Amino acid sequence: MKLKLGIPKGSLQDSTIQLFGRAGFNLYVSSRSYFPTIDDPEIECMLIRAQEMARYVSDGVLDAGLTGRDWIEEHELGDGKTGVVESIVDLVYSKQSFGKIRWVLAAPEDSNIKSAKDLDGKTIATELVRVTRSYFKKQGVNVKVEFSWGATEVKPPTLADAIVEATETGSTLRANRLRILDTVMESNTQLIANKTALADPAKRTKLENIALLLKAAIEAQGRVGLMLNVRRENLKAILSLLPALQRPTISGLSDEEWVAVNTIVEEKTVRDLIPRLKAAQAQGIVEYPLNKIVL
C-alpha cells in the first residue's frame, strides 16, 4: 500500500514540514524536485500548490493532501467535482502562527468606502475569485472581481477599488494604508482525502493515524511539561498554582512525606510560575519539552 499525499508548496510548505517533523515524520525536500522523500515506506509525497490541492485530490491524482478551507471552498464553487473529498481533520496552523487566517475585504483608509455596499459597480482584486463573487452576490452588490497574481495589497486605488486578501495579523494591510471592512471567510489548514481512497481500509487507517499524530503535535505547541517534588503538607498550595491541562498526576515517593507532581502548562506562563512554585516549597523542578499531546 502506497498513500499518495500532497504537501502544500509555497507559504505553508515550511510550517507543514516542521509540523510533520514534530509528528514523527521526517520530510526531505530538494530544490530540484517536487517529490519530497519521507521516512515512511507507506507514504509517497508530492509538492502541490495549496490552491490546486482540492482539485487533484478530488480527481484521484492524490489520495490525500493538506490545504486550506478557503481553497476547498474555491474549488467547490467552480467546475470541479464535488462530494468526493472528505475532511479528515482540522489542523489550525498557518505560515506564521498556530491560528486561523481571515480573508478580509479591505479598501484605502482615505477613501469613502466604508462597507461592501459602497463598492457597487467597482473593481475588486483577489486571488480567491469564486468565494469573493459568492460573498458579494449574497450582499446583493454588483462588482467586477479580477484575479490577482500577487502583491494584491498594493493595487488600491490605482488598479482596483478594494481587495479581498488573506491576513493573519492585518499588519501588511495597515502598512499599505488599507482599512478592513469585513471578514469574507475564516480558514485553516485541513487534511482532506478522496472518498475512493478512504474506501480502502489500509489507506483509511493510515490517514487516521497521520491525522492523530499531526493533531497531537499541534496540541503540544506552546506547552511544556513540569515535574516537581513537594511535601504532602504543601501539596494543596502547589496544586492551587498549577493550571493543568486536565489534572496533575501525583505519585508517591519512597519517602512517604513527599510526592511527585507532573503536569502540563502553557510555556509562556513558566517564567512566572516556577518562582511561585519554589516559594511554595516545591523542589527538584524540571521543565521539559513536549512533541505531542494526544487528547
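In what sense, parallel or antiparallel, do strand 8 and strand 9 pair? In this predicted model, strand 8 (residues 123–126) and strand 9 pair in the parallel sense, over 4 bridges. Strands here, like helices, are DSSP runs numbered from the N terminus (at least two residues of E for a strand, at least four of H or I for a helix), and two strands pair if DSSP finds at least two bridges between them. Within this pairing, Ile-124 has Val-145 of strand 9 as its bridge partner.

As for the numbering and the rules, residues are counted from 1 along each chain as its sequence is written, and side-chain values use heavy atoms, with hydrogens and water left out. Local features need pLDDT of at least 70 and side-chain atom pairs count only at pLDDT 80 or more, while totals for chains, interfaces and linings use all residues.

Stepping back, 5 strands make up an open sheet with mixed pairing, in the order 9-8-10-7-11. Strand 9 (144–147) and strand 11 (178–187) sit at the edges with a single partner strand each, so one side of each is left without a neighbour in the sheet. Further in, strand 7 and strand 10 (residues 162–167) pair in the antiparallel sense over 5 bridges, and Val-104 stands opposite Glu-165 in strand 10.

Now for the aromatic rings. Searching the whole structure turns up 4 aromatic pairs, counted when ring centres of Phe, Tyr or Trp (its six-membered ring) lie within 6.5 Å; planes under 30 degrees apart are stacked, over 60 edge-to-face and the rest tilted. One of them joins Trp-71 and Trp-103 edge-to-face, at 5.8 Å centre to centre with 90° between the planes. Trp-71 belongs to helix 3 (residues 69–76) and Trp-103 to strand 7 (residues 101–108), so the pair ties together parts 32 residues apart in sequence. Both Trp-71 and Trp-103 are buried (under 20% relative accessible area, 1.4 Å probe, protein chains only).

Then there are the nonpolar cores, sets of buried Ala, Val, Leu, Ile, Met, Phe, Trp, Tyr and Cys residues joined through side-chain atoms within 4.5 Å. The largest has 28 residues, with Phe-20, Leu-66 and Leu-191 making the most contacts inside it. Helix 7 supplies the largest share of this core, 6 residues. Apart from it lies another core of 23 residues, including Trp-103 and Met-185.

Terms used
Buried means under 20% relative accessible area, exposed over 50%, partly exposed in between (1.4 Å probe, protein chains only).
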